[in-house]
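Hi,

Here is the structure I promised to pass on to you. Have a look at it first, and then read on for what I found when I went through it.

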Amino acid sequence: MTPSSRYRSIGVAGLAVALLVFPWLTPTEYLLRVGNVVLVYAMLTLGLNFTVGWTGQISLAQAAFWGIGAYTTAILTAKFPVCNPWLAMLAAAIAAGMTGVLLGLPTLKIKGHYLALATIGFGEVMQLVFNNWEPVTGGADGIAGIPPLSVAGYSLSTEYRMYYALLIALSLLVLIGIRLHRSTFGRAFVAVRDDELAADVIGVSTTTTKTLAFALSATYAGVAGSFYAHLFRYISPDIFGFEQSLLMLSMLIIGGLGSIAGSLLGALIGIALPEALRVFGVYSTAIYTLLVVLVIIFVPGGAIGFVRRDASGFYGWLARAMQRRQ
């Protein structure tokens, strides 16, 4: 292991420690709630990265998949209390994933802005379902009384306990993403993104690859929706609107398209930065929008590209400094 790699590993370990001690350092429970929301959105952007970042398909249906996961969990646990919440989460992931497959098969035969329009249409259809299927979804009133998660009878009813459950779940999803990216499927995703015609010529099934990306994206959103439902214990249709899909896409672009670390960083920026800018009152939204535009223009690789460039320079400088001292 080179000195630079060693210091990079130390930096990653330091970040892991910071995440573990974060709940004990937050002065208020509100900040911990913000941290939990960041973890939920990190799952969503991580899933969206499969379609937009790795496969190059513009999807604006992530909020709809998120809603499917949340409503599946809410219906099974709030209306059928005997249902195990973890089994409900599995059902939410499967329901969202299968919906992603059903959406992907017909719509991925189209490309570019036509695909974007098709996914927008799907999101609007799901909004109509959430709002109008009152016997099942509760209509505009939503569903309340969603029970907290529990592990071996130990209730995850507080923000502190949910934080660690979300952190463990996100870590597992990140590991799955890393393994997939290094696998044949990951190479197929990137091949389709870089040149779909060339990928088809060398034997990559582009339709299957894009459908798989949609299914994975939707499954991640389903898991995030289930956790969101248990975190807030109440859901309503307005939470899963089109503007949320735009927010997730902006998070991914800000963080860095095609990067797992960028997906996570984008979620942090997209949730934490508006909270920090609240001190500017009515000007906070304008300032946030301006900062997003500046990042897109001047940092085309996303925030993660900027961080990696500076971190690589710092690690290199530190390694050279340590060598000189030896």
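This is a predicted model: local features need pLDDT of at least 70, side-chain atom pairs count only at pLDDT 80 or more; totals for chains, interfaces and linings use all residues.

**Helix 2 and its partners**

Let me start with helix 2 (residues 29-54) and helix 10 (residues 206-232), whose axes come within 6 Å and cross at roughly 165°. These two helices are therefore roughly antiparallel to each other. On the side of helix 2, the contact is made by Arg 33, Asn 36, Val 37, Val 40, Met 43, Leu 44, Leu 46, Gly 47, Leu 48, Phe 50 and Thr 51. Helix 10 answers with a set of residues including Ala 213, Phe 214, Ser 217, Tyr 220, Ala 221, Ala 224 and Phe 227. Sorted by class, the contact between helix 2 and helix 10 has 18 nonpolar, four polar and one charged residues. As for handedness, helix 2 passes helix 10 in a left-handed crossing.

Helix 2 also meets helix 7 (159-181). Here the axes come within 10 Å and cross at roughly 15°, and helix 2 and helix 7 are therefore roughly parallel to each other. The crossing of helix 2 and helix 7 is left-handed, and their contact has 18 nonpolar, three polar and three charged residues.

**Two residues of helix 2 to click on**

Leu 44 lies in helix 2 and is buried, with a relative accessible area of 0%. Leaving aside neighbours within four places in sequence, Leu 44 is in contact with Gln 62, Trp 66, Ala 221, Ala 224 and Met 248.

Thr 51 is in helix 2 as well, and at 1% relative accessibility it counts as buried. Not counting residues up to four places away in sequence, Thr 51 touches Gly 56, Gln 57, Ser 59, Ala 213, Phe 214 and Ser 217.

**The nonpolar core**

Which residues touch the most other members of the largest nonpolar core? Among its 73 residues, they are Tyr 41, Met 43, Phe 65, Trp 66, Phe 227 and Ile 235. The elements that give two or more residues to this core include helix 3 (62-78), helix 4 (85-107), helix 5 (112-132), helix 11 (242-255) and helix 12 (260-276). Helix 2 gives the most to this core, with 15 residues.

Phe 65 is worth a look on its own. Leaving aside its neighbours within four places in sequence, Phe 65 is in contact with Ala 96, Thr 99, Gly 100, Leu 103, Phe 122, Phe 214, Ala 218, Ala 221 and Gly 222.

**Both ends of helix 10**

Thr 206 is in helix 10 and counts as buried, at 11% relative accessibility. With residues up to four places away in sequence not counted, Thr 206 touches Val 192, Glu 196, Ala 199 and Asp 200.

Arg 233 is found in the loop between helix 10 and strand 4 (234-235). Most residues other than glycine have a negative phi. Arg 233, however, has a positive phi of about 60° although it is not a glycine. With a relative accessible area of 30%, Arg 233 is partly exposed.

Best wishes

How values were computed:
Residues are numbered from 1 along each chain as its sequence is written. Side-chain values use heavy atoms; hydrogens and water are left out. Axes are lines fitted to C-alpha atoms, for helices over the stretch in contact, and angles run from 0 to 180 degrees between N-to-C directions. Helices (H or I, at least four residues) and strands (E, at least two) are DSSP runs, numbered from the N terminus. Angles under 35 degrees count as roughly parallel, over 145 as roughly antiparallel, 65 to 115 as roughly perpendicular and the rest as oblique. A crossing is left-handed if the near helix is turned anticlockwise from the far one by less than a right angle, and right-handed if clockwise. Contact means heavy atoms within 4.5 Å. Ala, Val, Leu, Ile, Met, Phe, Trp, Tyr, Cys and Pro count as nonpolar, Asp, Glu, Lys and Arg as charged, and the others, Gly among them, as polar. A nonpolar core is a set of buried Ala, Val, Leu, Ile, Met, Phe, Trp, Tyr and Cys residues joined through side-chain atoms within 4.5 Å. Buried means under 20% relative accessible area, exposed over 50%, partly exposed in between (1.4 Å probe, protein chains only).
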